[in-house]
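Have the structure open beside them as you read.

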Amino acid sequence: MTTKIQRARDRGFADHGWLKAAHSFSFANWYDPEKMHFGAIRVLNDDIIAGGKGFGTHPHDNMEIITIPLSGAIAHKDSTGTDGVIRTGDVQIMSAGTGIKHSETNASETDQLNLFQVWILPKLKNIKPRYEQKSFSENDRLDKWQIVVSPDEEDESVWINQDAVFALATLSEGKDIDYTIKFKGNGIYVMVIDGEIKILEDVLQKRDAMEVAGAEKITLQAATTSKVLVIEVPMYA
């Protein structure tokens, strides 16, 4: 097993006024050759968007794009005909496939919006573009994993065109929890949304992350009440 810690302070940062973004992996004008991807994870952006502001219509192709609002709501439109709002508690995915255009705007004119957007390299290229969105209760992730993204329909999550899994948990202080990979050979990316957790002998705090490769299972211990996102992905070179 190998591990690598990404401290929150070491992410790339961009301040565009209306948008304050933290990049876990090289993105736009921020480039770090040591932070290009982790397996199939190509992008993990932690965006804060001012009221009434957002991203105009722009294209994507052959990428699985997952959006998780942490606070606030997003108004979304895309070329599949989708026109709606993604609220805190929802998880949205777009399979860009052969090509999709979309826009994302803070649904509030006054309150700021905070979200994670994650790009995952697809399993199959050039599929028909698709959109899916689902609401999840935070009560269903208390001291246990709530799978929100998976290719397995039995997980009752949003479907992804990849052997990848996203799981959320809210852990009580002192709680130990194991995460076991679903797909043999996958790596595990742990992001502390809030709080403080311990993995092996390493302590991770708010927005710290850890890359874990070569492990079938890891154990997380919450030092305080904590919110955690785990992303399991194929380990592409």
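1. Strands β3 (19–23) and β4 (41–49) run antiparallel and are joined by 5 bridges. Strands here are DSSP runs of E, at least two residues long, and helices are runs of H or I, at least four residues, all numbered from the N terminus; two strands pair if DSSP finds at least two bridges between them. Within this pair, Ala21 has Asp47 of β4 as its bridge partner.

2. A word on the ground rules before going further. This is a predicted model, so to speak: local features need pLDDT of at least 70, side-chain atom pairs count only at pLDDT 80 or more, and totals for chains, interfaces and linings use all residues. Residues are numbered from 1 along each chain as its sequence is written, and side-chain values use heavy atoms, with hydrogens and water left out.

3. Back to β4, which also pairs with β11 (113–120). That pairing is antiparallel and covers 8 bridges, with Asp46 standing opposite Phe116 of β11. β4 is mostly covered: 7 of its 9 residues are buried. Buried means under 20% relative accessible area, exposed means over 50%, and partly exposed is in between (1.4 Å probe, protein chains only).

4. How many residues of β20 are buried? The count is 5 of 5 for this strand, residues 209–213. In a regular strand the side chains alternate between the two faces of the sheet. In β20 both faces are covered, with Ala209, Glu211 and Ala213 buried on one side and Met210 and Val212 buried on the other. Do look at Glu211, a residue that counts as charged and is among those buried here.

5. Which strands does β20 pair with? One is β1 (residues 2–6), antiparallel over 5 bridges, where Ile5 has Met210 as its bridge partner. Another is β17, also antiparallel, through 4 bridges; there Ile188 stands opposite Val212.

6. Next, an open sheet of 4 strands, in the order β5-β10-β7-β8 with antiparallel pairing. β5 (54–60) and β8 (83–87) stand at the edges with a single partner strand each, so one side of each has no neighbour in the sheet. From one strand to the next the twist averages 25°, where axes are lines fitted to C-alpha atoms (for helices, over the stretch in contact) and angles run from 0 to 180 degrees between N-to-C directions.

7. Ala75 has Val85 of β8 as its bridge partner. Not counting residues up to four places away in sequence, Gly84 touches Ile74, Ala75 and His76, contact being heavy atoms within 4.5 Å. Gly84 and Gln133 are 49 residues apart in sequence, and their C-alpha atoms are 9.9 Å apart.

8. Arg87 also lies in β8. Setting aside neighbours within four places in sequence, Arg87 is in contact with Pro69, Gly72 and Ala73. Arg87 and Val233 are 146 residues apart in sequence and 25 Å apart in space, C-alpha to C-alpha.

9. Now the largest pocket, with a volume of about 480 Å³. On a 1 Å grid over the protein atoms alone, a cavity is a set of points where a 1.4 Å probe fits but cannot get out, while a pocket is an open set with protein on both sides within 12 Å along at least five of seven lines; lining residues have an atom within 4 Å of a point. There are 29 lining residues, and Leu70, Ser71, Asn114, Ile193 and Arg207 lie nearest the centre. β6 gives the most, with 4 residues. The lining divides into 13 nonpolar, 5 polar and 11 charged residues.

10. The second largest pocket holds about 330 Å³. Its lining has 22 residues, and the closest to the centre are Leu19, His23, Phe27, Asn45 and Phe55. Among the elements giving two or more residues are β3, β4 and β11. By class, this lining has 12 nonpolar, 8 polar and 2 charged residues.

11. Leaving aside neighbours within four places in sequence, its contacts are Arg141, Leu142, Asp143, Ser226 and Lys227.

Definitions and conventions. Points joined across faces, edges and corners; volume = space filled by probe spheres on them.
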